[in-house]
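Trainee: Can you walk me through this one? I'd like to ask as we go.

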Amino acid sequence: MKNKILIKSFFIALLLVFNGCDNYLDVNFDPSFPQTAESSSVLAPVLSQMVRGETFDTRYVGQYIQNWAWITANNVWDLHGYIAGSDSGGEKWRSHYWSIGKNIDLMIEQSSARGQWDYVGVAKAIRAWSWQSTTDVHGELILKQAWEPNRYVFDFDTQDLVYAEVKRLCDDALVDLARTDGTVSEKSLGTGDLVYKGNRAKWIKFVYSVLARNAHHISNKSSYSPDKVIEYVDKSLSSNADNFNVPHTGSNSADANFYGPTRNNLRSNRATEFFVNLLNGTVFGGVTDPRLPLMYTASPDNIYRGIVPVKGDPTNVTNNVMRTPLLWGVSPAVTVAAQIPGKYIFTDKADHPLVTYFELQFMKAEAAFIKGDKNLAYDAFKKGIIAHMEFTKVATADINTYMNSAAVPKTAAELTLSQIMLQKYIALWVTVH
Amino acid sequence: MKFFQLIKMFTKSKQSLNFLLFLLGFTFIGNAQEVSGTVRDNEGLPLIGATVLVNGTNTGTICDYDGKYKIAAKTGQELVFSMIGMESKTVKVGASNVIDVVLGGSVLLEDIVITGALGLVQDKRKLSYSVQAIRGSDIKNTQRDNAFLALQGRIAGLSLTPTSGLAGGSTSINLRGVNSIGNSNQPLIVMDGLPINSGTFNQHTLYSDANSVNGNINNNRDDTGSRLAEINPNDIESITVLKGPEAAALYGNEGANGVILITTKKGKAGKSKISYNNRFSTSQQYLYPEIQTVYGRGKNGLVDVNDPDYFGPKFPSNTKLYDNVQNFFQNGSNTRQDLAFEGGSDIFTYRLSAAYLKAKGTIPTNEYSQVNLTATNEVKLTKWLKASTRFGITQNKNLLPPGGSQGYLIGSLRYPSDYDMRNYLTLEGDRTLTLPNSNYGSDNENAFFNVYKNAREENTNRTMGNVSLTADFKPWWSFTGRFGSDIYTTSANRFFHPQSNIGFARTGWIENYVDFGRILNTTLFTTLKKKIQDISGSIIVGTSVDDRRNEVTSDYGEKLYLANFNSINNTDPTTQRNRTTLSRTRLMGVFAKAEVNYKDWLIVNLTGRNDWSSTLPVENQSYFYPSAGLTVNFTDIPALKDKFGPLNFGKLRASFANVGNPAPAYKIRSRLTTQTTTGGGFLYDFYGDNPSLKPESVESVELGTELGFLNDRIVLDFAWYSKSIKDQIVVQRLSYGTGFIFGLLNGGDLNTKGIDIQLEITAVRKENFRWKVNTNFTKYKTSVLSLPAQVSEYYDSDTWAVGNVRASAFAPAEVLASRFNSPGNLFYSELNSRGAGSATAIGGWSYLRNSKGNILVDPSTGLPLRNANFLPIGDRNPDFVIGLTNDFTIMKNLNISFLLDLRKGGDIFNGNEMYLYQIGLSKRTLDREAPFVFKGVVKDGKEETETPTINAKQIIPNDNELYYSVAVQPEDFVERDINWLRLRDITLRYEFPKKILGSQKVVKDLSVFVNGTDLFLITNYKGADPYVSTTNPATGGAGGFGMDFGKTSLPRTFSTGLSVTF
């Protein structure tokens, strides 16, 4: 009898152990890292990732298009090559699918549930921008199968599909950004929005800038519509105050501008002779551009020098008075980041502009030029130059002097596409679009 | 004597059973007449605890410490003398009332207690699976501070690799091949029936690592301390290794990797005993990679004051050169003191032990000190209820210099020979620079500056406790409950001086971290036994709950105000960052085991376990796995008995098991990580989620035999096994198109086939000379049948320590050949089939070849072209490994024992040599001035035709250093078929005879010893000692063995000391 009681009590004890088993095992959520987050805390880092994808790769793109070149000869990027077995040059791809990637879906999911239609619109706008700028760099992309669960091998889709997707997302974003119901508010969007501080009107302009690129980047296609481009540009950024400027705290390597001295990413890059020639009068009728000393720096002998891609920098010798300076405006002899203030937008704390008013004006100038409306083209051309000069903080008097100089055509009839493109090249040096 | 009081107490009650006697199934009755004597083994040593039974009665006793017994018996009755693992003997009581007996026995087992599943004492003859045990005294005798290091070569099927030779370094253990290409392969370590922490700190949890701070360590630079090293070798009674999943099926979680069971020493009833051991050691590093000291720094044969690599002109003949490597390494020293008290009465026994270790490594500043305190008690609460407790405290301090590419070895090799590395500071106290235009970040690392000015220190406090209750309600029914906890906290500090290579870019940085780990485990089970005529059976039913928590918090800061002040308060507050990682896993299981035994020669075992794991999705949380075993002791079959001639014992065994292994925590939903970009916030981490995870599955079949010849003079244990591993949980690098960088998948099939052989021969068994030879043979190979997501290669980036070489698992050759089949992207069978389909491959870059296998040469440079695809270029798995122990006892008092370790085959990546070659320091670069033509065909468009252009372009490497730094590919640095013979340990011990100790009562035993470990290495390997791992054990998968870079192996150590018992 005693045995039976003991056996029974043993199995009762066993049962007790298993009572509440479900709760006991319910510990599979991470207490140190969230597995979901509100859009306001996701938007700020997504904005930083937008810059990261662009800047990491612009180092190399800048070599391809001769913004700058490498100090030693025969650099693989100067030669329009790539580094085999390395992911250098793959950052834009990575940011599109991963670091921006599913965070957009998270924002859409979180904000839709809360009626934050402003966040939903912003998320779609960023994804549209990302598809557009990624296809600009990489061409064909994984589109239809992107982010598909349990898929490990992906098919690439052609660019026309990507372009259509950008258009679709922009249209959707415009609908969402127009909504004022739910919990939409400037204050709410402003908590995560480091760029436009919650101003939806500016986001709408940003969406139109993406549409403008989308319409304009096919200028060699038969389907190209200059009128569409002009329409989108006119609805987009209306001054430098609308520029898509992503801020940088600049306190350390993680939050400093990628092109600032702390990150040290441009130590071996030197401005090209091509770039210097655009500003020192060689190209533009002997007129020295007032932007030259603001964007770039002279060698110790007070002569502005750039280097020839693939040839390296023959002046790179200690104490050489002809030594080409760093893009940060100091001699390569200065190695400690803290002693380098930086120059132009090559500083630790500089905002990085992803879309600018002057870029759009030059697009408009191109579109109008192709359309044959030279007056409109000439007007946008001048607006573009002036806006970039203001961006570069050129004194108004100097702007006027330059605009009246031989560097700028006097009439719309004299304007050439080449002039538009070269001025656009100067303005988009660094941001590369 | 207290011992006999114990016996008397038993005699008073039939229900009084102690655990051992219960197992043997005796009860006692009293009697009057006395027979006495001594029971000894073949070597004349007293057999403590041997049982003496009057045949056909319930009268019995146990031998005391001197092997003596007294028992009441009548003339004509038979006395049965027996001992676990020994052949029983029956003697008729005659006229004499003194009977001395010698028990011969299974040389295999001797007095090692075999612990089977659930920590229950097992008769090895009844087991259907492979186990191997080793005495604690044999482990202690090797004088290894990390007890597990002594297991290599002593257990067939076990492979152990130290991460490096640092004092306080870590080791990885692997039983029978690779069970998981991504997760841990470390066997479960169980102490006194409960699992304990056995891991190594995972560096990936740190802020610096998660944010790629220069100097982050990826588990492949620093060799941090291991929880395994914290077990006091002097507390170990025995270690039993359960090799396959069959044995481990009842352990569930992690049991798939095998189980190592540690049984600790317990106090024994009787007179109190005090024992003291000490040891004094000195160690030296004697194997280093070699460097050339002919050419100095420069570029293409010319002086270049900015180039830190060794492609310059020859040193002028009058240059004073320094042997910086020799000057850097120092003699290590090591002291160990052990003290233990034990004793007790019939109802209470105790053992208290204390150990102190202080080890100075062969690398300056490397130091490891450890204090262990352990108390073990056993108490009989009632006649049928016994409780035992064990409580241990460990404290250790580990000062570890950095290894790997920015570590001590590469630093001292790379330092210019025309500079004396010892002068690492200028008169002003700044770091000495060796290049005029360099800075602290670009100049050659000074290893002295690195170890003296940078620091890493770990302080660990660990408490292990367990309580166990055993209730023997009835002879046929018992209950055991065990409750254990193992809790540790490591507080650590990392400091990088602003003038060090690592610290320079951030003006110095400091990181403090706290690593907290806890295992709580409860295991309850009940045993029921029944015997019906010739068939006996037993059933065990039980449950176990396992609760684990690991928490790492790190604080980071940079921009030091004071260059030499090591405190986080000395960092710029705006740079201070932190990170916390908390992991919790819980597992509940129920299990049952049934055994049916027919006359001890036919035994069938069945087990089943069902687990519920917190880490799996709710619908997959519960999983069941069975095992089955069959044992036939054919020499015990009555019809066949004594028909096998010299074969005195023979057993055939077969077993099958299926074991599940759950996922790591929090993997069914992706997590977001803190962003340090402007504005902060959260973004998804690298790792994708998997809401439909299943547990991993290991299916294993083992067949084996045990044969004893000539009354166990020769004992052979042979096991063949095959393991199929399915649904592996793998973190696999995937396309960014998934939205993540890594996916977590179930997939990939592996198969391991192998054999373990133990052969124990007692070559000489004389009164004054005994010679035993013990051979352990290990051979296995883990094949990859398929990889998850149809990828070609799986790797862990931690193993990617130098150049484009990493430890990989590759899909089978035919799969690779079908995928890499275009010119310039070719699977070249002659090279790449080595490692294809292997879980222990070396993946790396190779030369570009045409389809005929000729290396392609760039027509403009005359240099070979590379294939930048990671393809197999070697296989690290050895053909076989043999551990050979010889043990001589001369005149009973002098014992010499040594272990030789022989390895045959397997490739090793000589990463040091590749690194040195690429910077012009390898001796193989000395022929750089001789013009030569690289053998290959020119890639000029004709390379795939019948008449390719043979390369004729002559190069002089001295004028074109690209040959060394870029053109030569890693495949040249995989050294194939590496064999070694090493002397792992040798011990000579002299035990003072009782005669010499005389009649004094104070000292009972006294012995002195000299010992050496790792004294020599004979190998065809061209580098130093490749017995290192490129990653520490925190990196899962097959690990980083066979990848030699940036670390020195175990130094040569001489020790001496004494043991005394009072």
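Trainee: How do the axes of α12(A) and α13(A) cross?
Mentor: Helix α12 (residues 357-371) of chain A and helix α13 (residues 374-391) of chain A have axes that come within 8 Å and cross at roughly 160°. Axes here are lines fitted to C-alpha atoms, for helices over the stretch in contact, and angles run from 0 to 180 degrees between N-to-C directions. Helices (H or I, at least four residues) and strands (E, at least two) are DSSP runs, numbered from the N terminus.

Trainee: So what do I call that arrangement?
Mentor: α12(A) and α13(A) are therefore roughly antiparallel to each other. The cut-offs are under 35 degrees for roughly parallel, over 145 for roughly antiparallel and 65 to 115 for roughly perpendicular, with the rest oblique. The crossing of α12(A) and α13(A) is left-handed, that is, the near helix is turned anticlockwise from the far one by less than a right angle; clockwise would be right-handed.

Trainee: Which residues of α12(A) and α13(A) make the contact?
Mentor: From α12(A) they include Y357(A), F358(A), F362(A) and F369(A), and from α13(A) they include L376(A), F381(A), H388(A) and F391(A). Two residues are in contact if their C-beta atoms, placed from the backbone, lie within 7 Å. The residues of this contact divide into twelve nonpolar, three polar and three charged. Ala, Val, Leu, Ile, Met, Phe, Trp, Tyr, Cys and Pro count as nonpolar, Asp, Glu, Lys and Arg as charged, and the others, Gly among them, as polar.

Trainee: Before I go on, where do the model and the numbering come from?
Mentor: This is a predicted model, in which local features need pLDDT of at least 70 and side-chain atom pairs count only at pLDDT 80 or more, while totals for chains, interfaces and linings use all residues. Residues are numbered from 1 along each chain as its sequence is written, and chains are lettered from A and ligands numbered from 1 in the order in which they are written.

Trainee: Fine. What about chain A as a whole?
Mentor: Chain A has 15 helices and four strands. Its C-alpha atoms fill a box of roughly 115 × 55 × 40 Å along the principal axes. Of the 433 residues of chain A, 47% count as buried. Buried means that 20 or more other C-beta atoms lie within 10 Å of the residue's own, exposed means 12 or fewer, and partly exposed is in between, with C-beta atoms placed from the backbone.

Trainee: How many residues of chain B are in contact with chain A?
Mentor: 51 residues of chain B are in contact with 51 residues of chain A. On the chain B side, β26(B) gives the most, with six residues. That side divides into 20 nonpolar, 26 polar and five charged residues.

Trainee: Switching to sheets. What is the strand order in the five-stranded one in chain B?
Mentor: The order is β10-β15-β16-β13-β14 (chain B), in an open sheet with mixed pairing. Two strands pair if DSSP finds at least two bridges between them. The edge strands are β10 (131-135) and β14 (194-195) of chain B, and each pairs on one side only. Strands β15 (residues 236-242) and β16 (residues 259-264) of chain B pair in the antiparallel sense over six bridges, and V241(B) has I260(B) as its bridge partner in β16(B).

Trainee: Is β11(B) mostly covered or open?
Mentor: Strand β11 (residues 158-162) of chain B is mostly covered, with five of its five residues buried. L158(B), L160(B) and P162(B) lie on one side, S159(B) and T161(B) on the other. β11(B) pairs with strand β12 (residues 171-175) of chain B in the antiparallel sense over five bridges. The partner of T161(B) in β12(B) is S172(B).
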